[in-house]
Amino acid sequence: MIVILDFGSQYTQLIARRVREAKVYCEILPFRASVEDIKSKKPTGLILSGGPSSVYAADAPRPDPGVWQLGLPVLGICYGMQLMTEHFGGRVKKAEHREYGHAEIEVDHSNGLFGGLETKIPVWMSHGDAAEEMPGDFVRLAHTKNARFAAIANLDSKFYGVQFHPEVHHTPSGSKILKNFLSNVCKEKPTWTMESFVQTQVKAIRDQVGQGHVICAMSGGVDSAVAAMLVDKAVGKQLTCIFVDNGLLRKGEKERVEKNFKGRPPHDGRASAEHCGGRFHAEVRIIDAAARFLQKLAGVDDPEKKRKIIGNEFISVFEEEARAIGPVDFLVQGTLYPDVIESISVKGPSATIKTHHNVGGLPERMHLKLIEPLRYLFKDEVRVLGKELGIPDEILQRHPFPGPGLAVRVLGAVTAERLELVRRADYIVEEEIRSAGLY
């Protein structure tokens with residue numbers, strides 16, 4: 001476990017993705033996180049992100065002072081390095097030449113971060129401030145023409161700082177630099193894989209559910225399919241999935257869910273070698289509610305009103321089915337890590353952009369306990385997890401589709417005829433993209 005403290009950088013999530021690509025697990029915490037919160041994660045190292053502030057400003061974000069006494073290796077990136085410099089008695093000031101873009105560092109000291117790399121390395125800079133003086137116990141690891149201290153370290157305390165951004169694509173050796181910190185400094189081993197994730201999550205879900213019953217709203221999309229498959233692996237027949245055919249779906253969506261999760265072959269009679277039916281044990285209820293949704297949408301042409309009507313009607317259908325199932329204790333929700341990060345971000349809770357049509361409002365109204373097995377994964381990791389679980393590419397690699405479906409692609413009032421026209425047009429576009437090898 002590596003803990004990343006977020007000081008408001010646009011690249012913070014990218015740091016996390018790079019660490020995980022090195023097969024080391026990490027989590028992002030807001031810069032305000034207490035030492036107790038950090039220690040509870042049992043990290044082997046800390047990374048301090050960049051950020052837009054100046055460390056010499058009165059309202060500059062600073063971590064709990066106790067982070068420096070944890071005895072953990074620390075890597076400060078850009079603003080993180082400047083925090084480290086200032087805290088230990090160095091000096092940071094406004095740079096004479098603001099650096100934004102490509103630069104080349106010259107390595108003075110290869111210990112720790114730069115082992116196995118060339119002495120001149122292209123990097124990406126993005127800063128208006130710079131370290132003018134190093135703290136007394138630090139050594140210079142690298143410099144550029146414009147920055148006397150492009151990288152510094154206290155080798156005894158294992159505190160490292162870099163002025164550039166190793167996490168971005170424009171620093172070609174950045175992944176190697178981060179891996180050096182993880183393996184050489186933090187002594188982490190690359191053991192975090194989707195196989196290990198499945199094992200830990202299956203156990204966690206079983207412990208949480210016990211003998212309870214679980215329901216999952218299955219949309220046909222990537223997140224709900226992967227979440228359902230993971231929960232199914234954990235509790236099998238204690239799970240019931242509900243797929244609501246609201247008449248607003250893409251062509252063949254219902255049939256695709258039937259084929260992959262109910263084990264039925266396609267309508268042309270050919271058996272599919274890819275479907276999940278042999279590995280999926282939960283009951284899948286497919287509810288034909290197209291007439292209900294069309295009736296509710298009659299004469300409505302405002303897209304936001306359509307969204308609300310569809311969301312409310314979905315909840316009504318889902319509640320009816322949940323009651324028919326009997327006592328239900330848990331609801332599976334496909335929350336992803338970016339949602340979690342943004343809700344505790346440096347700027348506070350994020351604004352609601354849109355509600356997910358499948359689960360918006362359900363926990364409050366139904367008083368169900370949530371199971372969020374994807375809560376600490378990024379979207380690309382969800383796809384890798386789906387592959388590990390045996391979900392076919394036709395689900396995992398699908399293009400995104402609006403929650404309210406074709407209703408918001410129909411301009412004006414929604415009718416069965418207009419829906420069919422848009423559905424056929426959408427299918428033709430997808431077919432052409434696929435036949436061109438561009439999907």
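Me: Which residue stands opposite Leu 5 in β3?
Reply: Strands of a sheet pair through backbone hydrogen bonds, either parallel or antiparallel. Two strands are said to pair if DSSP finds at least two bridges between them. In this predicted model, Leu 5 stands opposite Leu 48 in β3. Strand β1 (residues 2-6) pairs with β3 in the parallel sense over 4 bridges.

Me: Which strand is joined to β1 by 5 bridges?
Reply: That strand is β2 (residues 26-30), which runs parallel to β1. Val 3 has Glu 27 as its bridge partner in β2. On β3, the pairing with strand β4 (residues 74-77) is also in the parallel sense, over 3 bridges. There, Leu 46 has Val 74 of β4 as its bridge partner.

Me: Are the residues of β1 buried or exposed?
Reply: A residue is buried under 20% relative accessible area, exposed over 50% and partly exposed in between (1.4 Å probe, protein chains only). In β1, 5 of the 5 residues are buried, so this strand is largely enclosed by the rest of the structure. Ile 2, Ile 4 and Asp 6 lie on one side and Val 3 and Leu 5 on the other, so that both faces are covered. Strand β3 (residues 45-48) has Gly 45 and Ile 47 pointing one way and Leu 46 and Leu 48 the other, and all are buried.

Me: Why does Ser 9 count as buried?
Reply: Ser 9 counts as buried because its relative accessibility is 13%. Ser 9 is found in the loop between β1 and α1 (12-21). Contact means heavy atoms within 4.5 Å. Leaving aside neighbours within four places in sequence, Ser 9 is in contact with Ser 49, Gly 50 and Gly 51.

Me: How many residues of helix α3 are buried?
Reply: In helix α3 (residues 79-87), 7 of the 9 residues are buried, so the helix is largely enclosed by the rest of the structure. The buried residues include Tyr 79, Met 81 and Leu 83. Gly 89, whose phi is positive, near 100°, follows α3.

Me: At what angle do α5 and α6 cross?
Reply: Axes are lines fitted to C-alpha atoms, for helices over the stretch in contact, and angles run from 0 to 180 degrees between N-to-C directions. Angles under 35 degrees count as roughly parallel, over 145 as roughly antiparallel, 65 to 115 as roughly perpendicular and the rest as oblique. The axes of α5 (residues 194-209) and α6 (residues 222-235) come within 8 Å and cross at roughly 65°. The two helices are therefore roughly perpendicular to each other. Residues of α5 including Phe 197, Val 198 and Ile 205 meet residues of α6 including Leu 230 and Val 231.

Me: How close do the axes of α5 and α12 come?
Reply: The axes of α5 and helix α12 (residues 379-388) come within 9 Å and cross at roughly 80°. These helices are therefore roughly perpendicular to each other. Among the residues making the contact are Met 194 and Glu 195 of α5 and Val 384 and Leu 385 of α12.

Me: In what order do the strands of the 5-stranded open sheet lie?
Reply: The order is β12-β11-β10-β13-β14, and the pairing is parallel. β12 (283-288) and β14 (369-371) stand at the edges, each with a single partner strand, so one side of each is left without a neighbour in the sheet. Neighbouring strands are turned by 30° against each other on average, direction ignored. Strand β13 (residues 330-332) pairs with β14 over 3 bridges, and Val 332 has Ile 371 as its bridge partner in β14. Helix α5 packs on this sheet, touching β10 (214-217), β13 and β14.

Notes:
Residues numbered from 1 in each chain as written. Predicted model: local features only at pLDDT ≥ 70, side-chain atom pairs only at ≥ 80, totals over all residues. Heavy atoms only, no water.
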